[in-house]
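Student: Could you walk me through reading a structure, feature by feature? I would like the general idea and then the case at hand.

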Amino acid sequence: MFETLSDRLTSVFSSLRSKGRLSEADIDATCREIRIALLEADVALPVVKTFVAQVKERARGSEVSQALNPAQQVVKIVNDELVEILGGETRRLRHAKTPPTVIMLAGLQGAGKTTLAGKLARWLRDQNHTPLLVAADLQRPNAVQQLSVVAERAGVPVYAPEPGNGVGDPVAVARQSLEHARRQQHDTVIIDTAGRLGIDQELMRQAADIRDAVSPDEVLFVVDAMIGQDAVSTAQAFMEGVGFDGVVLTKLDGDARGGAALSVRHITGKPIMFASTGEKLEDFDAFHPDRMASRILDMGDILTLIEQAQKTFDEQEAARMAGKLTSGEGFTLEDFLEQMMMVRKMGPIKNLLGMMPGMGQMRDQLNQVDDRDLDRVAAIIRSMTPGERQNPKMIDGSRRARIAKGSGVTVTEVNSLVIRFFDAQKMMKRMAGGMGIPGMPGGRKAGKAAQKKAAKGRRVSGDPRKASLAKGASGTAASDDPPSAKGALGRLGAGQLPPGLELPPGFDPSKFKLPGQK
């Protein structure tokens, strides 16, 4: 959503990096570009004025003039001000001292309240809560049925005593849901209220009546992040008519300019608490102002990436795979498929790569990333037999033709996958062996220590005969022995017998013939 704003700000800061010292003209030009970038992103004018004034004031202060790298200091100032505009610190849900905690959703029709109710319920369930969804939108056609479907997908119960479609009293349903939640021991109640295509008094009165009937712990205003400046006026109207404690942004994955996210919090003074970033129920999380500011400035969002990995990857499975790699055991196509599916669960590859710092400059390449490539690789591996997955070396020409036919790809694609896997397997073996890296098992440091210890423990006898035998035992002379001398008989001539039982000098076990040998 913030691609346009991110590109403009990145280009502004890149022009500053070549300057060792910032003049007054440089600061004015930078602030002018920042103002244009924010206005193009559809940020409200009062917000733009406040933001630019703060940046200009701090840029002219001592923290920039005395900095070793003024350009980086200006980037830090812009980042700090973005975090401040977006709310400063992450705002957490307030839970009631005596359950259930009541959360009421309000907003215009089409903002995505019903779907968001399911996302919030699923998120709370993952936080070890027992949420209950309440169908209090009895005006919109099929709203009750939609909430029931969403609740089933989220794996949470729903309270829907009225059929809706204009039938039933939403205030009575909301009031009765609290008693139902206490009886069923739900610790959180999420009430989905009705919306309208526009702001009207009937909507405000009904929302206010539900608020008065249930005394919610949190009233969340759900706003479509793609409606631009209208989000600000709608938020102000709801603030005056109903009042709310926090904002939830939906459709942040859209291609709108994103000014609503930067405007709503500053205008209303209420924090952004959650953000919906996709159509799936799992595309939802708490809103972190510092992480969003980092994304806008193309500095990545590593913390969110780590959190997604922790949610997706099983710790025991990850430890098992890590142990398998470090122990030097074979990394098979079965393991490769398993790890690839884990990464696939984290979300679109494009989104994951987009969380890496500096990826905004590679947006054209990211747009070419296609998750269907992973699906094709998975289809190829699943078309193999268990034996072929464990030992890809057995895959000959006829097997490759069968695999290609079963997975709907060409033989060339199968060949490419097998070749790339063999290359990856070699790399895994080198990693397991330390690859000569100091400190790694089997690495350079360990090898040198072993050589040093062996050299320190070696003693050369003054007797030439014993010295030559000891030399052969160390492997220097023994390496010149013929292959047949390296078995049990070879050890007889290597000086490994007790003192006094050594064989005569010059005895070659390879020339010794057993009975029956020619």
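Student: In which sense do strand β2 and strand β4 pair?

Tutor: Strands of a sheet pair through backbone hydrogen bonds, either parallel or antiparallel. This is a predicted model, and in it β2 (residues 131-135) and β4 (residues 188-192) run in the parallel sense, joined over 5 bridges.

Student: What is the order of the strands in the open sheet?

Tutor: Read across its 8 strands, the order is β3-β2-β4-β1-β5-β6-β7-β8, and the pairing is mixed. The edges are held by β3 (158-159) and β8 (284-286); each has a single partner strand, so one side of each lacks a neighbour in the sheet.

Student: Which strands does helix α6 lie across?

Tutor: Helix α6 (residues 113-126) lies across β1, β2, β4, β5, β6, β7 and β8. Its direction makes an angle of about 170° with β4.

Student: Now for helix against helix. At what angle do α3 and α5 pack?

Tutor: Two packed helices are described by the angle between their axes and the distance between the axes. For α3 (residues 45-59) and α5 (residues 70-85), the angle is about 145° and the axes are 10 Å apart. Their crossing is right-handed.

Student: Which residues meet there?

Tutor: From α3, look for Val 47, Phe 51, Gln 54, Val 55, Arg 58 and Ala 59. Their counterparts in α5 are Lys 76, Ile 77, Val 78, Asp 80, Glu 81, Leu 82 and Ile 85.

Student: Let's turn to the rings. How many aromatic pairs does a search of the whole structure find?

Tutor: The search finds 6. One is Phe 221 with Phe 238: the ring centres are 5.1 Å apart and the planes stand at 40°, so this pair is tilted. Phe 221 belongs to strand β5 and Phe 238 to helix α10 (residues 230-241), so the pair ties together parts 17 residues apart in sequence. Both residues are buried.

Student: And is the pair of Phe 221 and Phe 244 stacked or tilted?

Tutor: Here the centres are again 5.1 Å apart, but the planes are at 20°, so the pair is stacked. Phe 244 sits in the loop between α10 and β6, 23 residues from Phe 221. Phe 221 has a relative accessible area of 1%, and Phe 244 is buried too, at 4%.

Student: Which residues do ring pairs link into a cluster?

Tutor: Trp 123, Phe 274 and Phe 284.

How values were computed. Residues are numbered from 1 along each chain as its sequence is written. This is a predicted model: local features need pLDDT of at least 70, side-chain atom pairs count only at pLDDT 80 or more; totals for chains, interfaces and linings use all residues. Side-chain values use heavy atoms; hydrogens and water are left out. Two strands pair if DSSP finds at least two bridges between them. Helices (H or I, at least four residues) and strands (E, at least two) are DSSP runs, numbered from the N terminus. Contact means heavy atoms within 4.5 Å. Axes are lines fitted to C-alpha atoms, for helices over the stretch in contact, and angles run from 0 to 180 degrees between N-to-C directions. A crossing is left-handed if the near helix is turned anticlockwise from the far one by less than a right angle, and right-handed if clockwise. Rings of Phe, Tyr and Trp (its six-membered ring) pair if their centres lie within 6.5 Å; planes under 30 degrees apart count as stacked, over 60 as edge-to-face and the rest as tilted. Buried means under 20% relative accessible area, exposed over 50%, partly exposed in between (1.4 Å probe, protein chains only).
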